[in-house]
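User: I've got a model open and I'd like to learn how to read it. Could you walk me through a few features?

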Amino acid sequence: MKTTLKTDLTVDDVCKGFVYNELEGKGLFGLSGKLTIQPEYQRNYIYADGKRDVAVIESILKGYPLGLIYFVKVSDDKFEVLDGQQRITSFGRYVTGKFAVKDEHGMEQYFHGIAKDKQKKIEETKLTIYECEGTETEIKQWFKTINIAGVPLNEQELANAIYSGPFVTLGKAEFSNSQNANIQKWSAYVSGSANRQDFLERALEWVSKDNVGDYMSHHRHDDNITELKTYFSSVIDWVSCVFTDVESEMRGLEWGRLYEEHHHKPFDPKKVSEQVKTLYADPYVKKRKGVFEYILGGSADTKLLEVRVFDDATKKSVYAKQTQEAEAANTSNCPHCALGHDANKKKIWTLSEMDADHVAAWSRGGATDIKNCQMLCKTHNQAKGNR
Ligand SMILES: [Zn+2]
């Protein structure tokens with residue numbers, strides 16, 4: 001990783017060839033075309049609010065430092081702004097007459113209307129710029145280390161920056177475009193928003209089996225995203241075929257993993273729909289998000305549902321009854337220990353040494369009421385498994 005500190009570039013230098021896209025709200029280029037102000041991975045210009053953009057100009061006029069600006073050197077004579085995009089776009093827009101700033105008499109003044117010495121002061125203001133170049137790994141490390149002003153880039157925005165190229169551009173056009181008509185359908189299963197890259201991130205996680213960095217690095221220069229799109233559609237289509245009713249708890253589940261684990265098995269959507277309805281109506285099911293994986297796995301792993309357990313009053317009452325009967329019969333108060341032949345055959349466990357168990361398993365229709373409750377020592381309860 002090589003960083004070079006530059007202190008000789010001025011506002012005027014950076015504003016040479018400044019291009020601002022009014023429609024998309026982006027500062028695009030500067031430094032006579034050598035600088036990309038808003039690379040693909042950056043968010044749009046958000047300083048155009050008559051406060052933050054004005055504050056940048058006022059700082060310059062008062063001679064306050066504008067803070068560090070970071071460029072990434074992308075080739076011999078080409079740079080991208082990593083940090084400083086909002087500040088550069090602000091002064092770029094000001095010197096090109098896009099907004100006015102109030103003078104000391106409260107009059108709105110555009111750049112061309114202010115005194116020549118003030119114009120000169122702005123143009124000649126020197127910037128403090130770090131030019132950085134390095135390998136992908138180094139830049140990645142460095143991205144994470146520096147504190148990017150304003151809203152920090154999230155993981156996927158960082159990855160888009162590190163692996164920028166045709167693949168990321170195409171991926172964003174498909175998955176990060178809030179105008180894409182598919183977004184609504186995807187939103188039933190994927191949480192987040194297009195412009196914070198959540199759909200792109202999920203699509204990449206699914207196709208790469210959670211190796212997003214490797215996948216992006218490998219496909220960085222591809223001129224198509226066919227595999228990414230196809231895989232994502234396969235997962236979404238599979239979910240919507242198996243589970244015909246859309247429930248809000250489906251949003252944000254690990255559908256990529258569930259697809260890999262279960263898509264080769266046949267499901268009857270009608271039967272699945274009935275199972276979902278039954279579990280949704282069951283008052284003992286605490287975790288509805290687990291219903292889908294539970295059904296896909298053959299309705300076996302009740303841990304996924306966090307089935308409601310017996311309350312303390314029930315446990316105490318059952319414990320008292322079992323213990324009284326066990327003492328009278330000179331046997332253990334754990335019915336399983338009582339059947340054994342070891343030292344615990346006659347052991348009277350304390351309440352805290354025991355756990356409540358469903359006599360008839362909940363998954364086979366056993367209720368969570370006192371008639372279906374028995375207390376077992378912890379060892380035997382665990383041996384019986386979570387049912
Ligand atoms: Zn026992």
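This is a predicted model: local features need pLDDT of at least 70, side-chain atom pairs count only at pLDDT 80 or more; totals for chains, interfaces and linings use all residues.

User: Sheet first, then. In what order do the strands of the open sheet run?

Analyst: The general idea: strands of a sheet pair through backbone hydrogen bonds, either parallel or antiparallel. Here, seven strands make up an open sheet, ordered β1-β9-β5-β6-β4-β3-β2, with mixed pairing. At the edges you'll find β1 (2-6) and β2 (19-21); each has a single partner strand, so one side of each is left without a neighbour in the sheet.

User: Can you show me one pairing up close? In which sense do β3 and β4 pair?

Analyst: Strand β3 (residues 26-30) pairs with strand β4 (residues 35-36) in the antiparallel sense, over two bridges. To find the spot, look for G30, which stands opposite L35 in β4.

User: On to helices. Which residues of helix α2 are buried?

Analyst: For a helix, check which residues are buried and then what they pack against. In helix α2 (residues 52-61), the buried ones are D53, V54, V56, I57, S59 and I60. They pack against α1 (11-15), α3 (85-95), β7 (101-102) and α4 (116-124). After α2 comes G63, with a positive phi, near 80°.

User: Now the rings. How many aromatic pairs are there?

Analyst: Look at two things for each pair: the distance between ring centres and the angle between planes. Pairs are counted when the centres lie within 6.5 Å, and planes over 60 degrees apart count as edge-to-face. The count comes to 17 aromatic pairs. Take W186 and F232: their centres are 5.0 Å apart and their planes at 85°, so this pair is edge-to-face. W186 lies in helix α8 (residues 183-186) and F232 in helix α11 (residues 226-242), so the pair ties together parts 46 residues apart in sequence. Both W186 and F232 are buried.

User: How are the rings of W238 and Y259 arranged?

Analyst: With centres 5.7 Å apart and planes at 75°, W238 and Y259 are edge-to-face, because their planes are over 60 degrees apart. This pair links distant parts of the chain, 21 residues apart: W238 is in helix α11 and Y259 in helix α12 (residues 255-262). W238 and Y259 are both buried.

User: Which rings do the pairs link into a cluster?

Analyst: That cluster holds F175, W186, F199, W206 and F232.

User: And where does the charged end of R93 sit?

Analyst: For a charge and a ring, check whether the charged end sits over the ring. R93 has its charged end over the ring of Y20, 4.7 Å from the ring centre. Likewise, the charged end of K347 sits over the ring of W349, 4.7 Å from its centre.

Methods:
Residues are numbered from 1 along each chain as its sequence is written. Side-chain values use heavy atoms; hydrogens and water are left out. Buried means under 20% relative accessible area, exposed over 50%, partly exposed in between (1.4 Å probe, protein chains only). Helices (H or I, at least four residues) and strands (E, at least two) are DSSP runs, numbered from the N terminus. Contact means heavy atoms within 4.5 Å. Two strands pair if DSSP finds at least two bridges between them. Rings of Phe, Tyr and Trp (its six-membered ring) pair if their centres lie within 6.5 Å; planes under 30 degrees apart count as stacked, over 60 as edge-to-face and the rest as tilted. A charge sits over a ring if NZ of Lys or CZ of Arg is within 6 Å of the ring centre and within 35 degrees of the ring normal.
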